[in-house]
Amino acid sequence: MVTSLRAVPLRRKLLLGGLALAVVAGVVAIPATSDTAYADIQAVRSSIIGSDGKDYWVENHVDTAAVDASREALADQGKRPEYLIVWAGDENVADTAVPDVKNLPGSLANTTEKVRNALPGPDFMAVVDATEGSPTYGKVVNTATVGPLVENEPHHMQYSWRKGDKIYAGGLFSAATYVFDVAKLPALSLSGISLPSQTLCGSVPDAYWVLDDGTAYGTYMGGPVVPGPCTYSHGEVRTGNGFAGTPGEVVRFAPDGKNLVEAPAATTTAEDPKQCLDMPALSVPSCANPHGIQVREDLDAMVTSDYAEPRTIILDPVKAPSPYLRRPTVRTWDISDLNHPKVKSVSYLPEGPRSTDTDPLHNENRAVMETTVTNLPGHKGAFAMTMQGGAIFYTADITATNPVWREVFDNTAAMRLIDPAVTNGGPSDNGGWLQTSPDDTKLYHAVIGRKPGALGKDDPGTAGGVFSLDISKLVEAGDDFDCSIETTAEIADGGAGADCPTVAGHVAINPGSKAAGPHWGALDNLAIGDDGYYHVTDRPARLATADYFVARTGLDGDHRVCIIDQDEDGSLSLDTTFRDEISGRPCINFNRTTWPHGAFGNAKPHSMLFVTADDDIK
């Protein structure tokens, strides 16, 4: 790949607050309006040549006046800037779920409730000032747009960032993986891109884990690009039912986006044909649709969670006709050879005491979206959560030949605190992000909440939010842990075992709304030291969340990004000083008319990371 960096003599018009402005140079002065306060926007493009011989780029639109003002004020405080990078998609008419088509502008039954831009604009990385004490705290100081691909549906990045790491970011619909260099924040450059032609045995990229050497593993939840047999890197062959189908894979990427390894997530033997329904059916049934991924290099172990056959979730109007297209499985891998990861075990999470429900979709083990590992030497455990089952599971040893997983928490126990009206908070609560604290004492979980009527006509639904659990006793118990949710009484009480997790903190997001909470989150693992530089900390004092899932599923969100503070006692509270630069309200609203890159309207923030420039971290 050939990389170039240059100022771009853009020749287009940006409509800002009704004012047409011709852009004829790389540096653009944009007058402030009621909708924006952007000025002195500097547009600089970084481009590479992809494997198809075409140009791919990221184009920065840095608000230099805001950046300079922040740096000057922070220097007086002995601080350096920290940023929240948000991977966001342009909202347009393609995000409309089929039931809402009648409400679109121009339709016969238009109610104007779903007003979206007709044509897709560029997807982008939003760089937000996340430095407490900065005069521009909460301001978007750069939008780094990607091209020429549109409708990527920006999805996940890795779970945390360390100095020197590239950022790996996936496009759910485009099946592309972007690799960004953030060493010179607030500007980004493009280090590489992987196109679908480079990952023929998988599609629908989801999440990433950056290894110590800077390479990354990524989960590709969907099946091979073309139906039929596919040959992976080491000559292994699996047969799949096509793009966004089954089985998925794990890919290892180099920092330049080069595909180093494609490894099958499916085993050579058939998995449970009832639990692992595939459409179209496969001769060797499989639940291998990896979504979450986390790694313990010191244990030569990796864990992935199987969520769903993605075409039945994301490709509206096709909807899942069976709950058995949502997966109940977790896989452990042997990564002693990083270039030849191998599936070691496939575990079916147990059905819990709610399994008598008439709809299997509400069983505790349904739709395993995320997994997270413990971190400290001597700890070998991992957690997994279910999006439809609304439960959390734990195994004490991911290195075991066949790890034993138990349900250790039903989300009802936390949802009653987030939404006091809740009596049955677990089923279909649409939980997402799950992450252990670096010191293995806390477990954090983001929950969107449930739409009214999801459990029947009298179901009021639930609000969403974030909660943290104290897991210290459970983790310290090792293989002898006692906790196991097995009775209906334990659903709401949080378990009878002395080492069961307990709620440490909780915060409601959009408490008056149902199913409008956060899907994703990130811990701030950076802390400013006495030397004025950032250092990695094992006791994060805050986290960030985003209220967006995938619009085409009918589960959209209000597109806000919030910061949540954590006190010494573990309690959580909304950071009300992290305010939208336009409305002045807490949380950053991605539904706005203008951005540094132009008047492209609403955007969909999916994932985020706390990052700082290489020169500002030790």
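Modeller: Gladly! A disulfide is a pair of cysteine sulfur atoms within 2.5 Å. Keep in mind as we go that this is a predicted model. Here Cys276 and Cys287 meet that rule, with an S to S distance of 2.0 Å.

Biologist: How many disulfides does that rule give?

Modeller: The count comes to four. If you number the bonded cysteines along the chain, the pattern reads 1-2, 3-4, 5-6, 7-8.

Biologist: Is the link of Cys483 and Cys500 left-handed or right-handed?

Modeller: Its torsion about the S-S bond is about 100°, so this disulfide is right-handed. Cys483 is found in the loop between α4 and α5, and Cys500 in the loop between α5 and β30, so the parts joined are 17 residues apart in sequence. For burial, use the cut-off of under 20% relative accessible area. Cys483 has 0%, so it counts as buried. At 7%, Cys500 is buried as well.

Biologist: And what does the pair Cys562 and Cys587 look like?

Modeller: Their sulfurs are 2.1 Å apart, and with 110° about the S-S bond the link is right-handed. Cys562 belongs to strand β35, whereas Cys587 is in the loop between β36 and β37, so this pair ties together parts 25 residues apart in sequence. Both Cys562 and Cys587 are buried.

Biologist: Let us turn to helices. What span does α1 reach from its first C-alpha to its last?

Modeller: The general idea is to compare the span with what is expected at 1.5 Å a residue. Helix α1, residues 64–77, has 14 residues and reaches 20 Å, close to the 20 Å expected. Just after α1, Gly78 takes a positive phi of about 70°.

Biologist: Which residues of α1 are buried, and where do they fall around the axis?

Modeller: The buried ones are Ala66, Val67, Ser70 and Leu74. Seen down the axis of α1, the buried residues fall within an arc of 95°, so they line one face of the helix. They pack against β6, β7, β8 and β9. The face turned away from that buried side carries the exposed residues Asp68, Glu72, Ala75 and Asp76.

Biologist: How should I read a strand such as β23? Why is it called largely enclosed?

Modeller: Count its buried residues. In β23, residues 368–373, six of the six are buried, so the strand is largely enclosed by the rest of the structure.

Biologist: Last topic: which residues have the most contacts inside the largest nonpolar core?

Modeller: That core has 48 residues, and those with the most contacts inside it are Leu84, Val86, Tyr217, Met302, Phe590 and Met608. Apart from it lies another core, of 40 residues, with Ala308, Ala414, Phe467 and Cys500 among them.

Terms used
Residues are numbered from 1 along each chain as its sequence is written. This is a predicted model: local features need pLDDT of at least 70, side-chain atom pairs count only at pLDDT 80 or more; totals for chains, interfaces and linings use all residues. Side-chain values use heavy atoms; hydrogens and water are left out. Buried means under 20% relative accessible area, exposed over 50%, partly exposed in between (1.4 Å probe, protein chains only). Helices (H or I, at least four residues) and strands (E, at least two) are DSSP runs, numbered from the N terminus. A nonpolar core is a set of buried Ala, Val, Leu, Ile, Met, Phe, Trp, Tyr and Cys residues joined through side-chain atoms within 4.5 Å. The expected span of a helix is 1.5 Å times one less than its number of residues. The arc is that of the directions from the helix axis to the C-beta atoms. Contact means heavy atoms within 4.5 Å.
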